Amino acid sequence: MSLHEVSNLIYQNKEKSLEILFEFLRIPTVAAKNLGAQEAIDFLKKNFKEAGFECFIAETPGNPVFCAELNSGAEETITFYDHYDVQPEDPIELWDSPPFEPNIREGKIFARGVADNKGEIICRLQAIKAYKEIFGELPVNIKFIIEGEEEVGSPNLGYFVEKNKEFALNTNGIIWEFGGKDKDGIQQVNLGVKGILYLHFHTKTIGRDIHSGYTQFVDNAAYELVWALSSLKDRNDRILVPGFYEDIIPPSEKEMEAIKDFKIKEKYLKESFGIEKFRLNLSGMELKKKYFLEPTLNICGIWSGYQGQGSKTVTPNEAFAKVDCRLVPGQNPEDLVTKIRTYLDEQNFSHIEISSWDGYPAAVTPIENEFAQKVISVIKTVYNHDPICWPIVGGSGPMYLFKDIPCVSIGTGHSDSKAHAPNENIFVDDWIKGMELIASLIDRYK
Ligand SMILES: [Zn+2]
């Protein structure tokens with residue numbers, strides 16, 4: 001019995017694994033359109049039961065969460081967090097093959113959800129099955145939490161964790177859903193996600209739109225909103241709301257080291273953004289510190305007044321804006337809303353209403369964490385190179401729900417996997433190699 005035999009079995013089972021994956025990919029589980037949840041649950045139940053897992057379905061106010069457990073009586077437990085829902089397939093005309101009819105071309109599997117995140121689910125399951133077949137037993141307990149609303153913002157994952165605390169939180173480490181290699185073929189490890197605060201602003205200053213010849217008599221809603229928004233941040237990107245930065249947890253020495261070591265691909269980023277230089281002329285360590293350690297405040301959309309053809313001279317009575325803030329560890333979205341409200345009021349912007357908001361905090365696993373180090377060292381062994389470790393990524397996700405459990409994000413995608421876009425794909429070879437990685441991780445618990 002050896003890990004080598006597990007690898008051989010993984011390669012022998014390639015066709016069978018692809019068959020299982022394709023069956024899953026054919027189910028159009030689009031959460032945004034309320035499609036396919038029951039079918040996906042039936043598929044998962046059948047496949048996980050066959051592999052020897054105990055399964056249960058956790059109902060929520062939305063799509064149910066599929067849970068599976070393989071308890072081998074080991075001391076430690078790894079949990080895999082995944083999702084069976086996918087992004088809508090639109091615009092369908094840009095796909096080279098139908099999104100729910102998986103297809104292999106030039107070594108890549110094309111289908112909606114293959115990269116995000118059905119491919120990972122089957123990759124992880126097949127690795128566990130192969131390990132179990134060779135060794136009979138796993139040296140670690142395994143849990144799967146597979147939700148059905150990740151692509152619509154996981155509105156009920158908090159409800160699930162609250163109702164299933166023992167299952168959800170009693171674990172030693174979580175492998176998060178996404179990941180893969182960069183354009184140079186180097187594996188990426190993500191150790192955290194930023195939090196988010198999303199604000200909807202609205203103001204109605206006068207009873208109706210007014211002829212702009214009378215603009216000096218009234219408060220222009222568009223101007224009022226623009227002034228209020230511009231008071232939130234200066235042109236050096238310093239957020240001016242008092243206390244906005246005060247709860248931020250400073251980075252540890254190890255984290256600073258990881259940031260220093262992080263090779264940010266400045267040239268590639270500039271090319272992909274179509275720019276000559278970065279904002280504020282940042283580069284090197286200053287740019288990395290800004291990206292990894294600072295919160296943002298960004299206007300996502302703003303509208304008011306006349307936007308039709310030609311010109312119309314008008315003073316608008318109403319204005320709207322949507323603003324997002326990416327939060328770093330320590331910041332609490334609810335607390336920030338209070339600070340923003342107080343600050344606006346103090347500056348006589350009480351008529352600028354925060355009509356609604358939502359958000360959640362950041363979550364980060366320290367790079368020196370034992371579980372994180374285990375995953376990093378297994379990647380080194382399986383892929384023969386040092387992975388690139390992202391202390392935190394610019395995007396957000398509901399990792400914070402899992403409290404202080406270490407969460408590490410790895411996967412089998414690549415830099416052109418086109419998640420959320422037409423022609424979503426992964427390489428067959430990467431997917432199979434990913435199974436070897438999971439099997440090796442399990443083997444580390446011996
Ligand atoms: Zn996604």
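Predicted model: local features only at pLDDT ≥ 70, side-chain atom pairs only at ≥ 80, totals over all residues.
Colleague: Which domains does the domain assignment give?

Modeller: The assignment gives domain 1, made of 3-191 + 365-443, and domain 2, made of 195-360. Between the C-alpha centres of domain 1 and domain 2 there is a separation of 34 Å.

Colleague: How many residues of domain 1 are in contact with domain 2?

Modeller: Eleven residues of domain 1 are in contact with twelve residues of domain 2. On the side of domain 1 that touches domain 2, β16 (388-390) and β17 (393-396) each supply at least two residues, and the residues of that side divide into eight nonpolar, two polar and one charged.

Colleague: How should I read a nonpolar core, and which residues have the most contacts inside the largest one?

Modeller: The general idea is that, in soluble globular proteins, nonpolar side chains tend to be buried together. Here the largest nonpolar core has 101 residues, and those with the most contacts inside it are A127, L191, V375, V408, I438 and A439. Helix α4 (residues 114-135) gives the largest share of this core, ten residues, while domain 1 and domain 2 each contribute at least three residues to it. To take V375 as a case, this residue touches V189, V408, I410 and L441, when residues up to four places away in sequence are not counted.

Colleague: Where is S440, and which residues does S440 touch?

Modeller: S440 is placed in helix α13, which covers residues 428-443. Leaving out residues up to four places away in sequence, S440 touches L3, V378, T381 and V382. The C-alpha atoms of S440 and H4 are separated by 9.7 Å, although these residues are 436 residues apart along the chain.

Colleague: Why is S440 called partly exposed?

Modeller: S440 is partly exposed because 19 other C-beta atoms lie within 10 Å, whereas a buried residue would need 20 or more.

Colleague: What should I look for in phi angles and peptide bonds?

Modeller: The general idea is that most residues other than glycine have a negative phi, and most peptide bonds are trans. In this structure, the peptide bond from D90 to P91 is cis, with omega near -5°, and P91 is found in the loop between β3 (77-83) and β4 (103-105). A cis peptide bond also joins D116 and N117, with omega about 5°, and N117 is found in helix α4.

Colleague: Where does E106 lie, and what is its phi?

Modeller: E106 lies in the loop between β4 and β5 (108-110), and E106 has a positive phi of about 50° although it is not a glycine. E106 counts as exposed because it has 7 other C-beta atoms within 10 Å, and the cut-off for exposed is 12 or fewer.

Colleague: Where is D237, and is D237 exposed or partly exposed?

Modeller: D237 lies in the loop between α7 (221-230) and α8 (253-261), and D237 has a positive phi of about 65° although it is not a glycine. D237 is partly exposed, with 14 other C-beta atoms within 10 Å.

Key: Residues numbered from 1 in each chain as written. Helix = DSSP H or I, 4+ residues; strand = E, 2+ residues; numbered from the N terminus. Contact = placed C-beta atoms within 7 Å. Core = buried A, V, L, I, M, F, W, Y, C linked by C-beta atoms within 7 Å. Domains from an automatic or database assignment. Nonpolar A, V, L, I, M, F, W, Y, C, P; charged D, E, K, R; others polar.
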